[in-house]
Amino acid sequence: MKRSWYASPYALWMVLFAVVPLVFVCWYAFTTPQGAFTLENFREFAKPRYAAIIIRSLKHALYCTFLCLLIGYPTAYFLAGRGFSRTQSLVVLILLPMWMNLLLRTYAMMTLLDDNGVLNAALSAIGLPKIKVIGTEGAVVMGLVYNYLPFMVLPIYTVLKKMDYSVIEAAEDLGCNPLRVVTRVVIPMSLPGIVSGITMVFMPAVTSFAISTLLSNGKLRLAGDLIDYIFNQSSNPNRWNIGSSFSLMMLVLILISIGFLRKVDPDNEGGGMW
Amino acid sequence: MIDETRLIEIKGVSKSFGETQVLHDVNLYIRKREFVTLLGPSGCGKTTLLRILGGFEMPSTGEVLFEGKDMTGIPPYKRRINTVFQKYALFNHLNVYDNIAFGLNLKKPEQLGCQSRAEMKKEIMRRVTRMLKLVKMEGYEKRSINALSGGQQQRIAIARALVNEPEVLLLDEPLGALDLKLRKQMQLELKAMQQQLGITFIYVTHDQEEALTMSDTIVVINNGRIQQIGDPKGIYDEPKNAFVADFIGESNIIDGTMLEDDLVRFQDTEFQCVDEGFEKNEPVDVVIRPEDIMIVGEDVGMLTGVVESVIFKGVHYEMMIRSSDYQWKVQSTAMQPVGTRVGMTIVPYNIHIMHKMKEA
């Protein structure tokens with residue numbers, strides 16, 4: 001029996017739960033409920049309230065990715081550095097939240113940031129005024145960052161860890177002061193990890209749902225929530241068709257961003273998760 | 001060729017990593033345009049010494065003077081020293097040209113004698129092109145580092161360091177990863193480059209042949225201590241102790257007793273030698289090179305023995321000859337079959353007497 005046969009359970013699974021549904025999505029996206037071919041479904045995007053949600057999704061995902069990079073890179077750099085002996089336990093600490101369900105994590109965050117939550121209780125205790133977090137855009141972005149930060153740290157950490165330390169010494173030797181070592185060598189050489197991290201944060205962030213609904217008290221919906229809403233709650237008779245067209249659009253959006261990032265890291269050195 | 005001025009002086013340098021002391025009171029000076037090799041077995045401290053010179057490690061005690069000025073605490077990027085690293089440490093996000101130009105690109109235009117950025121760009125191109133020519137890699141400017149062979153990467157690493165016109169080039173076993181033929185070729189090329197450019201080279205290796213081929217001065221190091229400093233011929237012909245004798249070339253080292261000046265006894269036989277100044281009946285190490293033992297008829301030899309093994313080594317045969325409690329290593333172009341009883345003679349000039357090594 002050929003080796004490739006060992007993958008048949010997976011292939012079957014994929015066909016049943018990924019390929020076939022995808023074909024249905026495509027079918028619904030381009031047809032009316034009666035089954036006639038149409039492009040009308042895609043025009044729904046033009047509606048201001050839908051377009052606003054898509055733009056908000058992109059905006060929040062970009063904020064989230066940027067913040068993850070800003071927080072994640074120094075963290076990864078620190079973890080991958082020499083002379084730090086507790087790397088393993090810290091990596092575990094960063095991974096720890098990932099072992100928990102996303103919804104549980106988000107509920108935990110709600111408890112912390114709620115108007116009467118832990119944060120505000122602490123603020124009151126030291127005599128400061130309460131602040132409103134839940135329900136703001138900030139809360140949504142924080143929630144996204146909290147959930148996706150490990151996906152930024154890990155690929156960058158992996159690339160930095162693999163980097164030969166003598167390369168850094170070579171840069172110093174050739175005249176780089178500590179700052180230039182980072183800008184001229186460390187960051188350029190860890191670009192594959194950065195690209196991988198951006199991909200792994202941006203894509204789930206742009207399609208995420210539930211996080212924003214929960215942390216904004218249902219006020220701020222993102223693309224994922226919108227698709228959920230169209231399929232499950234809307235009264236539009238075309239809801240399956242419109243929902244499918246939205247899903248397809250998101251898929252194309254993601255494929256485009258992968259294609260773009262692939263250009264930056266053609267060898268897929270950054271761990272290649274996507 | 002070599003300038004007598006002392007470019008670098010290492011004074012009483014010791015280095016410890018935690019509990020382990022890797023360098024013990026190293027004293028050494030290096031002259032301008034000298035090719036110095038730090039030679040010793042792995043773990044002897046030679047690389048640590050090189051890293052101290054490069055500024056990557058600080059000595060625990062002692063000081064390093066560069067043109068008379070203390071270098072302690074000066075970071076690598078402020079030293080007029082460049083390094084060729086053991087694993088090349090090339091920047092694989094840059095192509096060959098940008099790797100070589102890396103150091104020059106960090107400089108200001110006036111440091112390269114230029115008025116403007118544009119002029120500097122031209123100057124850099126001129127220098128990089130000249131370096132590529134020197135290391136025989138013309139036409140490789142746009143290549144990616146990953147597309148080069150080990151030997152080519154080596155050349156780029158050398159060019160990347162030399163293009164900055166350092167006062168001193170440090171080389172940390174740069175030829176270790178190359179095959180024998182390429183290594184020999186690169187040895188000669190490196191030596192030629194050093195002479196052409198007139199730069200001081202400090203070269204670390206564990207390969208004694210490499211050291212003998214290239215160096216003006218060899219510094220033999222063992223267990224963090226300098227064993228001997230000398231020119232290749234001096235070190236080979238007059239090793240100071242049994243360690244040096246054994247490490248530089250092959251040697252028979254046997255216990256002996258110095259009976260009086262110019263007379264030594266080993267293997268219950270008295271030999272004329274040319275060493276003086278030992279105490280009467282002082283126990284000594286007697287060192288004899290395998291090629292200095294002549295095989296003669298059993299009846300005329302100073303020592304007799306039985307051939308126990310023969311290995312063909314290309315130019316000569318290497319025979320192990322048992323004589324009472326010692327197995328002699330003898331090299332000769334004439335082969336004696338295993339089991340033959342032979343005589344051996346050694347001329348006084350080839351018997352080297354050494355004080356017993358104290359604690360190494």
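1. The domain assignment divides chain B into domain 1, residues 6-242, and domain 2, residues 250-355. The C-alpha centres of these two domains of chain B lie 40 Å apart. The model under review is a predicted one, and the remarks below should be read accordingly.

2. Because 6 of the 6 residues of E9(B) are buried, the strand is largely enclosed by the rest of the structure. In a regular strand, side chains alternate between the two faces of the sheet. Both faces of E9(B) are covered: B:Thr217, B:Val219 and B:Ile221 are buried on one side, and B:Ile218, B:Val220 and B:Asn222 are buried on the other.

3. The pairing partners of E9(B) may be described in turn. Strand E3 of chain B, residues 35-39, runs parallel to E9(B) and is joined to it by 4 bridges; here B:Thr37 stands opposite B:Ile218. Strand E10 of chain B, residues 225-230, pairs with E9(B) in the antiparallel sense over 5 bridges, and B:Ile218 stands opposite B:Gly230 in E10(B).

4. E9(B) and E10(B) form a hairpin in which 2 residues lie between the strands. Within this turn, B:Asn223 has a positive phi of about 50°.

5. In chain A, the geometry of helix H5, residues 102-113, was checked for length. At 1.5 Å a residue, its 12 residues should span 16 Å, and the end C-alpha atoms are 16 Å apart, which agrees.

6. Which residues of H5(A) are buried? They include A:Thr106, A:Met109 and A:Leu113. Seen down the helix axis, the buried residues of H5(A) fall within an arc of 55°, so they line one face of the helix. On the other side of H5(A), A:Leu103, A:Leu104 and A:Thr111 are exposed. The buried residues pack against three helices of chain A, namely H6 (118-125), H7 (137-162) and H11 (211-215).

7. As to the interface, 16 residues of chain A are in contact with 16 residues of chain B. On the side of chain A that touches chain B, helix H8 (165-173) and helix H9 (178-189) of chain A each supply at least two residues. H8(A) gives the most to this side, with 6 residues. By residue class, the side of chain A that touches chain B comprises 8 nonpolar, 3 polar and 5 charged residues.

How values were computed:
Residues are numbered from 1 along each chain as its sequence is written. Chains are lettered from A and ligands numbered from 1 in the order in which they are written. This is a predicted model: local features need pLDDT of at least 70, side-chain atom pairs count only at pLDDT 80 or more; totals for chains, interfaces and linings use all residues. The expected span of a helix is 1.5 Å times one less than its number of residues. A residue is buried if 20 or more other C-beta atoms lie within 10 Å of its own, exposed if 12 or fewer, and partly exposed in between; C-beta atoms are placed from the backbone. The arc is that of the directions from the helix axis to the C-beta atoms. Two residues are in contact if their C-beta atoms, placed from the backbone, lie within 7 Å. Domain bounds come from an automatic or database domain assignment. Two strands pair if DSSP finds at least two bridges between them. Ala, Val, Leu, Ile, Met, Phe, Trp, Tyr, Cys and Pro count as nonpolar, Asp, Glu, Lys and Arg as charged, and the others, Gly among them, as polar.
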